Amino acid sequence: MNWTEIDENAKKWTREAGERIRTSFSKELMIHTKSSPDDLVTNIDQETEQFFIERIRKTYPEHQILGEEGFGDELDKLDGTVWIIDPIDGTMNFVHQQRNFAISVAVYEYGVGKIGLIYDVVHDELYHAKVGEGAYLNDTKLPQLEEVAVEKAVIGLNATWITENKRIDPTILAPLVRKVRGTRSYGSAALEMAYVATGRIDAYITLRLSPWDFAAGLILVNELGGKVTTLHGEPLNMLGQNSVFVSKPGLHEVISKDYLYKLKK
Ligand code: IPD
Ligand code: CA
Ligand code: CA
Ligand code: CA
């Protein structure tokens with residue numbers, strides 16, 4: 001397997017897809033809803049996924065593709081080489097703000113992450129990692145993550161999880177929100193993981209993500225010595241939905257021990 005070539009193609013196609021998305025800003029957007037009124041998809045999400053699929057199928061016919069918008073393959077196991085793609089992560093931001101969204105592309109081999117790319121299209125910032133070779137923001141190598149005390153930490157957390165909801169008792173996260181220096185919510189899981197990788201936030205907690213939301217971010221954060229698990233501290237299931245806890249080293253253990261221990265199985 002020529003991983004250098006796959007990495008170069010993944011980067012080239014991601015930047016090209018980003019250019020197409022930027023061009024789309026001046027055109028009319030077609031917006032539809034999926035499972036609920038706030039679950040949005042646009043023609044650009046769909047066209048971007050198809051853009052990747054056409055290129056991958058032509059260049060690597062033996063590879064499989066898992067994409068959010070369903071143009072790829074239906075997979076029940078991660079055999080061989082699998083591309084995991086979220087064509088636009090943060091569709092609500094894309095629709096409402098024309099910023100704060102990203103393309104997320106990851107390549108896995110037999111379930112093991114090899115290449116992770118998160119492209120902040122509007123800022124032209126490509127976060128990328130090839131396993132064992134470090135992680136980069138464009139051409140700048142990112143330093144390994146360092147430990148931080150919980151009272152000095154800024155964590156990514158959506159306000160939903162400290163209100164009444166069906167996934168977590170809000171009294172579990174409320175004391176953590178009071179303890180940390182601050183919370184942020186950016187509306188793009190991929191960018192929030194890239195922000196942990198660059199130290200802009202120290203951790204990110206969310207209750208339900210799909211593999212395309214975290215596949216690239218997981219590779220990036222792991223490459224820098226950070227930790228990515230479910231809220232129960234288990235490895236993420238790459239074929240299903242998961243709660244996700246991404247953190248700098250050290251902080252992961254402290255938050256798990258002092259706050260998340262109350263979680264029910
Ligand atoms: C969503 C974003 C959002 C997260 C949602 C995801 P999408 O992805 O990552 O931040 O809270 O759970 O579904 O639908 O915009 O690709
Ligand atoms: Ca979506
Ligand atoms: Ca997503
Ligand atoms: Ca998406």
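Me: How far is the polar side-chain atom of Asp89 from an oxygen atom of ligand 1?
Reply: 2.7 Å. That is a polar contact (a pair of N or O atoms within 3.5 Å). The model is predicted, with local features needing pLDDT of at least 70 and side-chain atom pairs 80 or more, while totals for chains, interfaces and linings use all residues. Residues count from 1 along each chain as written, chains are lettered from A and ligands numbered from 1 in written order, and side-chain values use heavy atoms, without hydrogens and water.

Me: Which backbone atoms lie by an oxygen atom of ligand 1?
Reply: A backbone N or O atom of Gly90 lies 2.7 Å from a ligand 1 oxygen. For Ala189, a polar backbone atom is 3.0 Å from an oxygen of ligand 1.

Me: What share of ligand 1 does the protein bury?
Reply: 73% of the 380 Å² that ligand 1 exposes taken alone. Those areas are Shrake-Rupley values with a 1.4 Å probe.

Me: Which element gives the largest share of the shell?
Reply: Strand 4, with three residues. Strands here are DSSP E runs of at least two residues.

Me: How does the shell divide by residue type?
Reply: Three nonpolar, four polar, five charged. Gly counts as polar.

Me: Why does ligand 1 lie between the domains?
Reply: Because domain 1 (3–141) and domain 2 (150–262) both give residues to its shell. The bounds come from an automatic or database assignment.

Key. A polar contact is a pair of N or O atoms within 3.5 Å; within protein, one must be able to donate a hydrogen and the other to accept it, and residues adjacent in sequence count only if both atoms are side-chain atoms. Helices (H or I, at least four residues) and strands (E, at least two) are DSSP runs, numbered from the N terminus.
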